[in-house]
Amino acid sequence: MINTFWSLVPAIVAIALALITKEVYSSLFAGIVIGGVFYACSAATGFTVSGFLTHIFKDGLVAQLSDSYNAGILIFLVILGILVSLLNKTGGSQAFGEWTKKHIKSKVGAQVATICLGILIFIDDYFNCLTVGSVMKPVTDKHKVSKEKLAYLIDSTAAPICIIAPISSWAAAVSGFVEDGQNGISLFINAIPYNFYALLTIFMMFALVFMKMDYGPMKNFEHKSELKKLSDEIEKRTENEKNAKVFDLIIPIAVLIVMCVISMIYSGGFFSKESENYLHFINSFASSDASVGLVIGSFATLVISIIYFVLRRLVSFTDAMVCIPEGFKAMVPAILILSLAWTLKGMTDSLGAKEFVKGVVGSSASGFQLFLPAIIFVIACCLAFATGTSWGTFGILIPICIAIFPAGTQLNIISISACMAGAVCGDHCSPISDTTIMASAGSQCNHVNHVSTQLPYALTTAAVSFVCYIVAGIIKNPVVPLLFGFIFMFAILFAIKNFQKKK
């Protein structure tokens, strides 16, 4: 079962069970168990209970949680949960909600503000998901935007924005997979115009908002949200909370952005005289460790925020400390899902999923060079969907793209862009993707509901992107396929809206 299609079965089963049963924890664990069985059966000694249990827990769950990068992401999650709890405790979130009543007058305005904030926070997808969710949820609740729609907007401004932002943890990751003497950041920038899925996702969000339409399961959730009666929470606020101003939310968020950027370039050697990246911003960002940078930046922000709120007399030091366990508890569901998703990914890796996909692509795709970008896009979608990781997909497919096409050719750039776009698409759709999980956490939305409502939108964008890559592979120019994609996407949405109206 090693290095064969069976290596993808555990992830496929987990995803199918999650969508069928609407229960994600047991579904992920079922996929992990199947992966453990397959691995134990493939051992030289044959299946043994000890080998099965060792692979699931020691080599799987414990290994993933003890991984320094994963541990850093979990710490970052907890600190952001504490920050959100602190902002709620001090009344900063409520003050921002009051401010938006005067400046955001409609449901369209609330959604546009959410999209714009998501686009502005392009540093890191994890950071984006939780920050946008905590800031915009009071606003979207006020204007009866469903949690599911908020989760879609958050998820669609996380990875799809980071993958076209040259200064982001994603640009650093992609550049790290580029070999053979090519400049990774330069290649990343050249590939941006060809990243049709990311660009069309942004277009899709604005089109849905301004056309005031939804379809698929999202339409039902939006209809239910419109019927809800909102409780007036102003009366529940304490005196300290009533003294909070909108800047009591803006200042901590601004500090978080600044501190995370500084910390990420610090982890890349920007301030180290011994480093070759000393005082070189772009190279430092490309070499940064997002896990370390985000932990340091968020922890520094937490300390500064506590001092700020205590001095503002919006909260006592004792009450600020109470926010620590409260924030931790709020993040427990996301932490549990992430831990299980990482373990499931470990199962597919141990079964040789990477080697299997490499073999398939290398043996069959090289004969269809003009259509290769579209083929790579589909393969990257499927691989990222099954494994729940974009970065893992980059590591598998980018070296293959570089090997098939010579450096500096237009098809080289298009194929690498197709790989990035497909990885983001699969990551966007997958229930076991960490960004999908954190978008659910940021919007406080049921995870399976988020996946099922987002899927029709993501698949529509993916279908249009696939056609765009066929055109791009033939004419080797980004402008015509992108214009075609925008027109085609608008035509599809217009047809769906007319169909719904007639129905």
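The structure is a predicted model, in which local features need pLDDT of at least 70, side-chain atom pairs count only at pLDDT 80 or more, and totals for chains, interfaces and linings use all residues. Residues are numbered from 1 along each chain as its sequence is written, and side-chain values use heavy atoms, with hydrogens and water left out.

The chain has 25 helices and zero strands. The chain holds 503 residues, and 53% of them count as buried. Buried means under 20% relative accessible area, exposed means over 50%, and partly exposed lies in between (1.4 Å probe, protein chains only).

Helix H25 covers residues 479–502. The expected span of a helix is 1.5 Å times one less than its number of residues. Pro481, Leu482, Gly485, Met489 and Leu493 are buried in H25. Their cover includes helix H12 (196–210) and helix H24 (447–475). Leu17 belongs to helix H1 (residues 9–21). Leu17 is partly exposed because its relative accessibility is 29%. Its C-alpha atom lies 8.5 Å from that of Ala30, a residue 13 places away along the chain.

Aromatic rings were considered next. A pair of rings is described by the distance of the centres and the angle of the planes. Rings of Phe, Tyr and Trp (its six-membered ring) pair if their centres lie within 6.5 Å; planes under 30 degrees apart count as stacked, over 60 as edge-to-face and the rest as tilted. By this rule there are 12 aromatic pairs. One of them joins Tyr194 and Phe196, with centres 6.3 Å apart and planes at 75°, so the pair is edge-to-face. Tyr194 is buried, at 2% relative accessibility. Phe196 is buried too, with a relative accessible area of 0%. The rings of Phe270 and Phe271 have centres 4.9 Å apart and planes at 85°, so this pair is also edge-to-face. Phe270 is buried at 14%, whereas Phe271 is partly exposed at 45%. Ring pairs also link Tyr194, Phe196, Phe377 and Tyr469 into a cluster.

The charged end of Lys224 sits over the ring of Phe221, 5.5 Å from the ring centre. The criterion is NZ of Lys or CZ of Arg within 6 Å of the ring centre and within 35 degrees of the ring normal.

Side chains of opposite charge can pair when their charged atoms come close. A salt bridge is a side-chain nitrogen of Lys or Arg within 4 Å of a carboxyl oxygen of Asp or Glu. The whole structure contains five salt bridges. In one, Glu222 and Lys107 have their closest N and O atoms 2.8 Å apart. This pair links distant parts of the chain: Glu222 lies in helix H13 (residues 217–227) and Lys107 in helix H6 (residues 107–120), 115 residues apart. Glu222 is buried, with a relative accessible area of 5%.

Asp141 and Lys137 form another salt bridge, at 2.7 Å from N to O. Both belong to helix H7 (residues 125–142), and because they are four residues apart, about one helical turn separates them. Asp141 is partly exposed at 28%, whereas Lys137 is buried at 10%.

Asp248 is bridged to Arg312, with the closest N and O atoms 2.7 Å apart. Here too the pair links distant parts of the chain, 64 residues apart: Asp248 is in helix H15 (residues 247–267), and Arg312 is in the loop between helix H17 (290–311) and helix H18 (317–350). Asp248 is buried at 1% relative accessibility, while Arg312 is partly exposed at 32%. Salt bridges that share partners join Lys107, Glu222 and Glu226 into one network.

How values were computed
Helix = DSSP H or I, 4+ residues; strand = E, 2+ residues; numbered from the N terminus. Contact = heavy atoms within 4.5 Å.
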